[in-house]
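User: I've got this model open and I'd like to talk through what holds it together. Can you take my questions one at a time?

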Amino acid sequence: MLPDHEPRNRDRLERILFGFVLLLTLGLTYQKYALDIPREFHHFNNYVIFRNSFAHLMQGQNLYILYPEIQHDLYKYSPTFALLMAPFAWMPVLVGLLLWNLINYTVLALGIRKIPAADATQRILFL
């Protein structure tokens, strides 16, 4: 545990750690993308399924069947979620994947920062 008499140091460490995890998120996202240069999409198949769901919805196709030529699993969410994926369907895959993971990280980070009665040390340990 960090000493209680250094709250500014803990706050600074917390900001640094949140920044490090953000950079790690972006770096690992690019790594997953780079691993799929032949475009097999094995390393980020969930994102591909979410992204494709919008096109299937707009074309009136069944969201809940397997499309083995473009993805490797089934879509399991509501049509509303498919509609919300519209912006990602129009983006290049790498840009959309980076943004998707950035949004997911931001929601997690904000949630950790808003935990009631948690001090900086507890938030650092949780992250």
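User: Is Glu14 buried or exposed?
Analyst: Keep in mind that this is a predicted model. Buried means under 20% relative accessible area. Glu14 has a relative accessible area of 1%, so Glu14 counts as buried.

User: Which residues are linked with Glu14 in a network of salt bridges?
Analyst: Glu14 pairs with Arg113, where the closest N and O atoms are 3.8 Å apart. Glu14 also meets Arg123 in a salt bridge, at 2.6 Å from N to O. Put together, the network links Glu14 with Arg113 and Arg123.

User: How many residues apart in sequence are the parts that Glu14 and Arg123 tie together?
Analyst: Glu14 belongs to helix H1, while Arg123 sits in helix H6, residues 120-126. Arg123 is buried too, with a relative accessible area of 13%. Because the two partners lie in those helices, the pair ties together parts that are 109 residues apart in sequence.

User: What about the salt bridge of Lys76: which residue is the partner?
Analyst: Lys76 itself is exposed, with a relative accessible area of 58%. The closest N and O atoms of this salt bridge are 3.7 Å apart. The partner, at 29% relative accessibility, counts as partly exposed, and that partner is Asp73.

User: Which helices do the buried residues of H2 pack against?
Analyst: H2 is mostly covered, with 10 of its 14 residues buried. Among them are Tyr47, Ile49, Phe50 and Phe54. These buried residues of H2 pack against H3 (79-84), H4 (86-90) and H5 (93-113).

User: Which residues is Asn45 in contact with, leaving aside neighbours within four places in sequence?
Analyst: Asn45 is found in H2. Asn45 is buried, at a relative accessible area of 10%. With those neighbours left aside, its contacts are Gln71, His72 and Asp73.

User: Which element gives the most to the largest nonpolar core?
Analyst: That core has 15 residues, and Phe44, Tyr47, Tyr75, Met85, Phe88 and Trp100 touch the most other members. The elements giving two or more residues to this core are H2 and H5. With 4 residues, the one that gives the most is H2.

Notes
Residues are numbered from 1 along each chain as its sequence is written. This is a predicted model: local features need pLDDT of at least 70, side-chain atom pairs count only at pLDDT 80 or more; totals for chains, interfaces and linings use all residues. Side-chain values use heavy atoms; hydrogens and water are left out. Buried means under 20% relative accessible area, exposed over 50%, partly exposed in between (1.4 Å probe, protein chains only). Contact means heavy atoms within 4.5 Å. A nonpolar core is a set of buried Ala, Val, Leu, Ile, Met, Phe, Trp, Tyr and Cys residues joined through side-chain atoms within 4.5 Å. A salt bridge is a side-chain nitrogen of Lys or Arg within 4 Å of a carboxyl oxygen of Asp or Glu.
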